[in-house]
Amino acid sequence: MPRVKRGTVRRAKREKLLTLAKGFYANKSKLYRFAKEAVDRALKSAFVGRRRKKRDFRRLWIVRINAAARQQGISYSQFIAGLNRAGITVDRKMLAELAVNEPGAFAAIASRAKDALKQPAAAQ
């Protein structure tokens, strides 16, 4: 079997990894072994973070909707139940935007949700 030296390939691989580690503290940006460990951890955290971001934003939207709904005299769960009963299909992201930027529009939606809750379910 012929001998493979890998000189340029190995160097290119290491340089690529050290560029990913640029800005890391001390040996983690200078030495290949420590840089490899740090980059692996960083990429793992980035992967996890992309999934966490979706959860975190949904939690933020729910907090904002809850605060705005309570100003209208209704709890979050009642508000969402009222929206479902009224047949209003607006996602939480848009509801949160309305709550922050358009309080009048949110108040109108909240009143529709309250009215839907007062009507018996069979009347729908």
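Let's start with F34: with 37% relative accessibility, it counts as partly exposed. Buried here means under 20% relative accessible area, exposed means over 50%, and partly exposed is in between (1.4 Å probe, protein chains only). F34 sits in helix α2, which covers residues 32-71. Helices are DSSP runs of H or I with at least four residues, strands are runs of E with at least two, and both are numbered from the N terminus.

A quick word on what you're looking at: this is a predicted model, where local features need pLDDT of at least 70, side-chain atom pairs count only at pLDDT 80 or more, and totals for chains, interfaces and linings use all residues. Residues are numbered from 1 along each chain as its sequence is written, and side-chain values use heavy atoms, with hydrogens and water left out.

Back to F34. Skip its neighbours within four places in sequence, and F34 is in contact with N27 and K28; contact means heavy atoms within 4.5 Å. There is also A21, 13 residues away along the chain, whose C-alpha atom is 9.5 Å from that of F34.

**The loop between α1 and α2**

S29 is found in this loop. Is S29 buried or exposed? At 16% relative accessibility, S29 counts as buried. If you don't count residues up to four places away in sequence, S29 touches L18, A21, G23 and F24.

Leaving out neighbours within four places in sequence, S75 is in contact with N66, A69 and R70.

Most residues other than glycine have a negative phi. Now check R6, a residue other than glycine with a positive phi near 60°, and A26, which isn't a glycine either and has a positive phi of about 55°. R6 is in the segment before α1 (7-20), while A26 is in the loop between α1 and α2.

| Residue | Phi | Relative accessibility |
|---|---|---|
| R6 | near 60° | 42%, partly exposed |
| A26 | about 55° | 41%, partly exposed |

**Where α3 meets α5**

How do α3 and α5 lie relative to each other? The axes of α3 (residues 76-86) and α5 (residues 103-118) come within 7 Å and cross at roughly 75°, so the two helices are roughly perpendicular to each other. Angles of 65 to 115 degrees count as roughly perpendicular, under 35 as roughly parallel, over 145 as roughly antiparallel, and the rest as oblique. From α3, the contact is made by Q78, F79, A81, G82, L83, R85 and A86, and from α5 by F106, I109, A110, R112, A113, A116 and L117. These residues divide into 10 nonpolar, 2 polar and 2 charged.

**The core**

The largest nonpolar core has 16 residues, and I65, F79, L83, L95 and F106 have the most contacts inside it. Such a core is a set of buried Ala, Val, Leu, Ile, Met, Phe, Trp, Tyr and Cys residues joined through side-chain atoms within 4.5 Å. The elements giving two or more residues to this core are α2, α3, α4 (92-101) and α5.

Which residues is F106 in contact with, leaving aside its neighbours within four places in sequence? They are I65, A68, A69, Q72, F79, L95, L98 and A99.

Technical notes:
Axes are lines fitted to C-alpha atoms, for helices over the stretch in contact, and angles run from 0 to 180 degrees between N-to-C directions. Ala, Val, Leu, Ile, Met, Phe, Trp, Tyr, Cys and Pro count as nonpolar, Asp, Glu, Lys and Arg as charged, and the others, Gly among them, as polar.
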